[in-house]
Amino acid sequence: MTIRSAFQPTYGSTQSVSPAAASATITIGAGNKTIRVRNTGATNPLFFRTGKISDGAVTATAADTPVYPGEVLNIEKPQDHDTLAHISAAGTTAVMTAGEGGM
């Protein structure tokens with residue numbers, strides 16, 4: 001069960017990325033239950049997924065979770081997921097922060 005609470009960022013975890021046509025990954029660290037993803041681009045959606053690098057490559061596709069321009073999305077993730085893969089067919093910019101709550 002998720003308890004409603006304000007998003008509590010893990011300070012120092014924020015990463016700015018430029019998703020492009022090829023999937024790329026960032027390390028988000030295990031232990032956090034929430035990822036906040038903000039698409040700071042003006043026109044193109046980005047897509048992402050989380051996973052464990054120890055299970056093999058984590059690769060995003062356009063069939064994964066979308067975040068549209070100007071949108072902020074908080075998702076709950078398994079605590080052991082330590083990697084976030086991102087992609088944007090036409091390119092965009094994004095900011096990702098690990099933390100707790102915000103649901």
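# Close-up views of an all-strand predicted model

**Figure 1. Overview of the protein.** The protein has nine strands and zero helices. The coordinates are those of a predicted model. Read from the N terminus, the elements follow the order β-β-β-β-β-β-β-β-β. The radius of gyration is 13 Å, close to the 13 Å that the globule rule gives for 103 residues, so the protein is as compact as a globular protein of that length. The C-alpha trace spans about 35 × 30 × 25 Å along its principal axes. Of the 103 residues, 39% count as buried. Among contacts between residues at least 6 apart in sequence, 85% join residues at least 24 apart.

**Figure 2. The open sheet S3-S8-S5-S6.** Four strands form an open sheet in the order S3-S8-S5-S6, and their pairing is antiparallel. Strand S3 (24-27) and strand S6 (65-67) are the edge strands, each pairing on one side only. From one strand to the next, the twist averages 30°. Four bridges hold the antiparallel pair made by S3 and strand S8 (residues 83-87). Within that pair, Ile26 stands opposite Leu84 in S8. S5 and S8 also run antiparallel and are joined by five bridges. Here Leu84 of S8 is the bridge partner of Thr50.

**Figure 3. Strand S8 and its two covered faces.** Five of the five residues of S8 are buried, so this strand is largely enclosed by the rest of the structure. In a regular strand the side chains alternate between the two faces of the sheet. In S8, Thr83, Ala85 and Ile87 lie on one side, Leu84 and His86 lie on the other, and all are buried, so that both faces are covered.

**Figure 4. Surroundings of Ile87.** Ile87 is placed in strand S8. Its relative accessible area is 13%, which is under the 20% limit, so Ile87 counts as buried. Not counting residues up to four places away in sequence, Ile87 touches Pro19, Ala20, Ala21, Ala22, Ser23, Leu46, Phe47, Ala60, Thr61 and Ala62. Asp64 is 23 residues from Ile87 in sequence, and their C-alpha atoms are 9.2 Å apart.

**Figure 5. Pairing of strand S4 with S7 and S9.** S4 and strand S7 (residues 72-76) form an antiparallel pair over five bridges. In this pair, Val37 has Leu73 of S7 as its bridge partner. S4 also runs antiparallel to S9, and six bridges join these two strands. In S9, Ala98 is the bridge partner of Ile35.

**Figure 6. The largest nonpolar core.** In soluble globular proteins, nonpolar side chains tend to be buried together. The largest nonpolar core of this model has 13 residues, and those with the most contacts inside it are Ile26, Ile35, Val37, Leu46, Phe48, Leu84 and Met96. Strand S4 (34-39), strand S5 (46-51) and strand S9 (94-100) each supply at least two residues of this core. S9 gives the largest share, three residues. A second, separate core has five residues, including Phe47, Val58, Ala60 and Ala85.

**Figure 7. Contacts of Leu46.** Leu46 is among the residues with the most contacts inside the largest nonpolar core. Leaving aside neighbours within four places in sequence, Leu46 is in contact with Pro19, Val37, Asn39, Thr65, Pro66, Val67, Ile87, Ser88, Thr92, Thr93, Ala94 and Met96. Two of these partners, Val37 and Met96, are also listed among the residues with the most contacts inside that core.

**Figure 8. Asn32 in the loop between S3 and S4.** Asn32 is found in the loop between S3 and S4. Leaving aside neighbours within four places in sequence, Asn32 is in contact with Thr10, Lys77, Pro78, Gln79, Ala98, Gly99 and Glu100. One of these, Ala98, is the bridge partner of Ile35 in S9.

Conventions: Residues are numbered from 1 along each chain as its sequence is written. This is a predicted model: local features need pLDDT of at least 70, side-chain atom pairs count only at pLDDT 80 or more; totals for chains, interfaces and linings use all residues. Side-chain values use heavy atoms; hydrogens and water are left out. Two strands pair if DSSP finds at least two bridges between them. Axes are lines fitted to C-alpha atoms, for helices over the stretch in contact, and angles run from 0 to 180 degrees between N-to-C directions. A nonpolar core is a set of buried Ala, Val, Leu, Ile, Met, Phe, Trp, Tyr and Cys residues joined through side-chain atoms within 4.5 Å. Buried means under 20% relative accessible area, exposed over 50%, partly exposed in between (1.4 Å probe, protein chains only). Contact means heavy atoms within 4.5 Å. The radius of gyration is taken over C-alpha atoms; the globule rule is 2.2 Å times the number of residues to the power 0.38.
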